[in-house]
Amino acid sequence: MPWDIWLIFFVLGVILPWRGRMRMKKLLALPHVSAVERLALYASTIAFQWVAVAVVAWRAKAHGFTASQLGLTIPDGSRILVAALIGALIIAALQWLNLRRVGKLPVEARGSLQALAERILPQSTVELLPYLALAITAGLCEEFLYRGFAIAVFVHVGLQAWAAVLASSVLFGLAHSYQGRGGMMMTLVIGLVLGSSRLAYDSLVPAIFWHSAVDVVAGTAGPRYLKPRGSGSLEKENLVQQG
């Protein structure tokens, strides 16, 4: 592979995971993350992902990768749209049910998921809209990077399609290593599902919808079920005072 392609994979496999862990370590060290800090996190992540996509698309075009190889075509519009919408609804429902299940656990049993929810998920309507922009950005940008570009390169250098999906899913999992070992493994599994859809439909569209659905539900249901420590007792206390 050319040196610039190697550099892109070094960034995806080493720099991005390291950057994510360092940012999360910094957030976890704070006793409280303000709305301004969350909004800044959303904005910087959106900007970074679009810059990354622009650079990768530039280099992919320079090396002759076609839109079809990158999954940027829609060979069967109606079939792909139905799969995208139905899949998104199913995945959104599963994500919602899982968050509700976790929310019923004691706070101490929720592990790192609770800490992540308190620090990075939107806690107000003002934060929700920028978060939704981030969720859609992640669906678009990360699918292009991992299921579009990465799979195209792996297939181009001779890997079988299933191996290309597996390799791209490993990179995807590493990029989410800031979520802890459990979160990283779950993300790897999600990557396998999204990568399989890329092969099945020869398009990124279903994966973009499914990925966005996961993140949108996380931002809407997460704050509802993964309430900060002590928020329940505080609400009860406020109700007593009002009464």
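Me: Contact means heavy atoms within 4.5 Å. Which residues of helix 6 and helix 7 meet on that rule?

Reply: First, the ground rules. This is a predicted model, where local features need pLDDT of at least 70, side-chain atom pairs count only at pLDDT 80 or more, and totals for chains, interfaces and linings use all residues. Residues are numbered from 1 along each chain as its sequence is written, and side-chain values use heavy atoms, with hydrogens and water left out. Now the residues. Helix 6 brings A161, V165, L166, S169, V170, F172, G173 and L174. Helix 7 brings M184, T187, L188, G191, L192, L194, G195, S196 and L199.

Me: What makes a stretch a helix here?

Reply: A helix is a DSSP run of H or I with at least four residues, while a strand is a run of E with at least two. Numbering starts at the N terminus. The chain comes to 9 helices and 0 strands. Its order is therefore α-α-α-α-α-α-α-α-α.

Me: What is the angle between helix 6 and helix 7?

Reply: Their axes cross at roughly 145 degrees and come within 8 Å. Helix 6 covers residues 161-175, and helix 7 covers 180-201. The axes are lines fitted to C-alpha atoms over the stretch in contact, and angles run from 0 to 180 degrees between N-to-C directions.

Me: What classes of residue make up that contact?

Reply: There are 11 nonpolar, 6 polar and no charged residues. Nonpolar covers Ala, Val, Leu, Ile, Met, Phe, Trp, Tyr, Cys and Pro. Charged covers Asp, Glu, Lys and Arg; the others, Gly among them, are polar.

Me: Why is S169 called buried?

Reply: Look at the cut-offs: buried is under 20% relative accessible area, exposed is over 50%, and partly exposed is in between (1.4 Å probe, protein chains only). S169 has 0%, so it counts as buried. This residue is in helix 6. Leaving aside neighbours within four places in sequence, S169 touches L188, G191 and L192.

Me: What makes E143 buried?

Reply: E143 has a relative accessible area of 0%, so it is buried. It lies in helix 5. Beyond neighbours within four places in sequence, its contacts include L194, L204 and H211.

Me: Why does L226 count as buried?

Reply: Its relative accessibility is 3%, so L226 is buried. It sits in the loop between helix 8 (205-225) and helix 9 (231-242). Setting aside neighbours within four places in sequence, L226 is in contact with L99, V102, G103, R110, L113, Q114 and A117.

Me: Why is N98 called partly exposed?

Reply: N98 stands at 31%, so it is partly exposed. Its place is in helix 3 (residues 77-103). N98 and Y225 are 127 residues apart in sequence, with 10.0 Å from C-alpha to C-alpha.

Me: Which residues of helix 4 are buried, and what covers them?

Reply: In helix 4 (residues 112-120) the buried ones are Q114, L116, A117, R119 and I120. The cover includes helix 1 (3-29), helix 2 (35-62) and helix 5 (125-156). Across the chain, 42% of the 243 residues are buried.

Me: How do you know that the radius of gyration agrees with a compact globule?

Reply: The radius is taken over C-alpha atoms, and the globule rule is 2.2 Å times the number of residues to the power 0.38. For 243 residues a compact globule would be near 18 Å; the chain has 19 Å, so the two agree. The C-alpha atoms fill a box of roughly 70 × 40 × 30 Å along the principal axes.
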